[in-house]
Amino acid sequence: MNKSFLTEVFGEQEGFVYEYIGTVPDHMDPESPEMAEHVTLDFLAGHGDNLLATRVVQFPYENHRIMLYVKSDTDINTSNEFVLRGHLVPDVVVEPITETVDTPVVDDTTTDTETITETSSAEPSSSEPTQGQ
Amino acid sequence: MLVRYRTTGNQTLANFQTDLNAIITGAVSASTDLTSPARTYSTIYGTYPTGIYQKVNATTYTYSKAHNVIAGYTHYFRFGFTATTLNTIDLAQSYTSGTDTLVNTYQKTGLGINPTVNYDPNYPIGIDIIVSNKGIFLQAVTSNQMIGIFDIGHSGVTRAYTSSMLMVLQDMQNVINYGANTGVVIPYTYSFDTLSYVTNTSTSHVNITPLKKFTATSQLAVFENPVYLTNTPSGSTINLIYGLYKLPVATFSGIQIYQDSNSLYRLSINDYAILIN
């Protein structure tokens with residue numbers, strides 16, 4: 001899933017997001033705390049660490065997909081009822097490679113000289129050919 | 001209740017854990033109820049809010065908190081420790097007692113609150129702990145932390161989408177004029193941007209800062225305006241933050257305690273006041 005969307009939903013810059021593909025009890029409201037508890041316990045039962053920070057969100061407009069966020073540095077899923085859909089580790093920003101050229105430091109005097117030279121060269125260089133004629 | 005927790009040189013993390021638990025569960029009404037390193041210099045203001053907090057697990061530092069006015073909204077928080085510090089705080093929508101599992105949890109990490117601060121009369125700081133019916137707040141200036149959990153009121157959105165939490169994590173260093181004013185996190189609330197429940201970290205305070213005015217006897221009148229929070233995913237609806245007030249700028253210098261006209265205590269911090277009673 002789109003990382004920026006998942007970041008917006010879970011408000012986190014790190015962690016993993018799994019889709020729950022296990023069985024949802026018929027009587028259970030998908031948006032209820034009982035549903036969140038059901039999914040959370042399903043995940044943690046496989047992992048064995050009940051101190052993890054997790055959140056369960058259902059997307060009604062996406063065929064009621066149920067997603068579980070886990071605050072973790074690594075993918076710790078051990079259950080086949082959860083499928084990894086995204087991780088919120090920030091993308092590595094690759095700086096564009098640019099060729100650097102050492103340019104000599106010019107002082108004000110040099111600049112003035114260059115300006116004069118450019119001004120001179122901008123004028124019609126009529127003297128040299130004239131002299132040759 | 002405010003406990004200005006001040007300790008002597010033989011303080012340990014285990015003592016702090018014991019005292020913190022005793023403060024939250026109402027076992028402390030005088031400094032003599034604290035462990036020995038905290039008895040001499042700690043001071044206590046106000047009274048404990050009965051019937052709000054409960055420890056829900058014998059091993060972990062996990063607690064339930066009932067909302068101060070809105071029935072049916074009990075949320076849960078948990079403190080996590082390293083070998084030397086209080087390092088994490090979790091705020092969760094619900095809790096499963098059988099497995100000691102927080103459900104729909106936002107965890108703030110990296111607190112690094114070191115409880116072994118030796119009291120110095122010339123530099124009398126330590127850890128301030130507020131436990132009221134409206135929230136719990138910890139301030140450890142030597143560890144650069146001012147973090148709390150506050151009740152919030154309903155908006156039209158939270159009334160309709162009732163799984164939305166009515167408590168928030170509040171970083172008091174990230175408020176109006178002291179940070180980017182993005183210090184509120186609602187772990188689980190409904191968003192009209194995603195049409196789902198989300199963790200809202202883009203929430204800010206909405207408030208009118210009171211002006212400084214003086215009485216006929218030239219005393220400063222300390223006005224307290226209520227503080228609301230808002231965020232665009234909820235359609236910019238607003239929720240009241242209980243027990244938190246905005247003060248005129250620079251009413252108090254640093255961190256101080258004062259009483260209102262009903263003799264109820266407040267702790268002032270960064271031009272805000274936190275209700276103690």
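This is a predicted model: local features need pLDDT of at least 70, side-chain atom pairs count only at pLDDT 80 or more; totals for chains, interfaces and linings use all residues.
1. **Confidence.** The model scores ipTM 0.89 and pTM 0.87. For chain B the mean pLDDT is 95. In that chain, 100% of residues reach 70 or more.

2. **Chain B, overall build.** Chain B holds 3 helices and 20 strands. Its radius of gyration is 19 Å, close to the 19 Å that the globule rule gives for 277 residues, so chain B is as compact as a globular protein of that length. The C-alpha trace spans about 60 × 55 × 30 Å along its principal axes.

3. Of the 277 residues in chain B, 57% are buried. Take the contacts in this chain with a separation of 6 or more: residues 24 or more positions apart account for 54% of them. The accessible surface of chain B is about 10,600 Å². Carbon and sulfur atoms supply 50% of that surface.

4. **Chain B, charge.** Count 13 positive and 12 negative side chains in chain B. The centres of the two sets lie 4 Å apart.

5. **Chain A, overall build.** Chain A has 4 helices and 4 strands. Along the sequence they run α-β-α-β-β-β-α-α. Buried residues make up 32% of its 133 residues. Among contacts in chain A with a separation of 6 or more, 69% join residues 24 or more positions apart. The accessible surface comes to about 8,600 Å², with 52% of it belonging to carbon and sulfur atoms.

6. **Helix α1 of chain A.** This helix covers residues 3-10. Which of its residues are buried? They are A:Phe5, A:Leu6, A:Thr7, A:Val9 and A:Phe10. After the helix comes A:Gly11, with a positive phi near 60°.

7. B:Val198 sits in strand β13 of chain B, residues 196-206. Is B:Val198 buried or exposed? The cut-off for buried is under 20% relative accessible area. B:Val198 has 4% relative accessibility, so it counts as buried. Leaving out residues up to four places away in sequence, B:Val198 touches A:Glu8 and A:Val9 in chain A. Within chain B, the residues it touches are B:Ile186, B:Pro187, B:Tyr188, B:Thr189 and B:Ser191. Look also at B:Pro233, which is 35 residues from B:Val198 along the chain. The C-alpha atoms of this pair are separated by 9.2 Å.

8. **A loop to check in chain B.** Now find the loop between β19 (265-269) and β20 (272-275). B:Asn270 has a relative accessible area of 18%, so it is buried. B:Asp271 has 8%, so it is buried too.

Key. Residues are numbered from 1 along each chain as its sequence is written. Chains are lettered from A and ligands numbered from 1 in the order in which they are written. Side-chain values use heavy atoms; hydrogens and water are left out. Helices (H or I, at least four residues) and strands (E, at least two) are DSSP runs, numbered from the N terminus. The radius of gyration is taken over C-alpha atoms; the globule rule is 2.2 Å times the number of residues to the power 0.38. Buried means under 20% relative accessible area, exposed over 50%, partly exposed in between (1.4 Å probe, protein chains only). Contact means heavy atoms within 4.5 Å. Accessible areas come from the Shrake-Rupley method with a 1.4 Å probe; for residues, only the protein chains shown count as cover. Lys and Arg count as positive and Asp and Glu as negative; His and the chain ends are not counted. The place of a charge is taken as NZ of Lys, CZ of Arg, CG of Asp or CD of Glu. pLDDT is the predictor's confidence in each residue, from 0 to 100.
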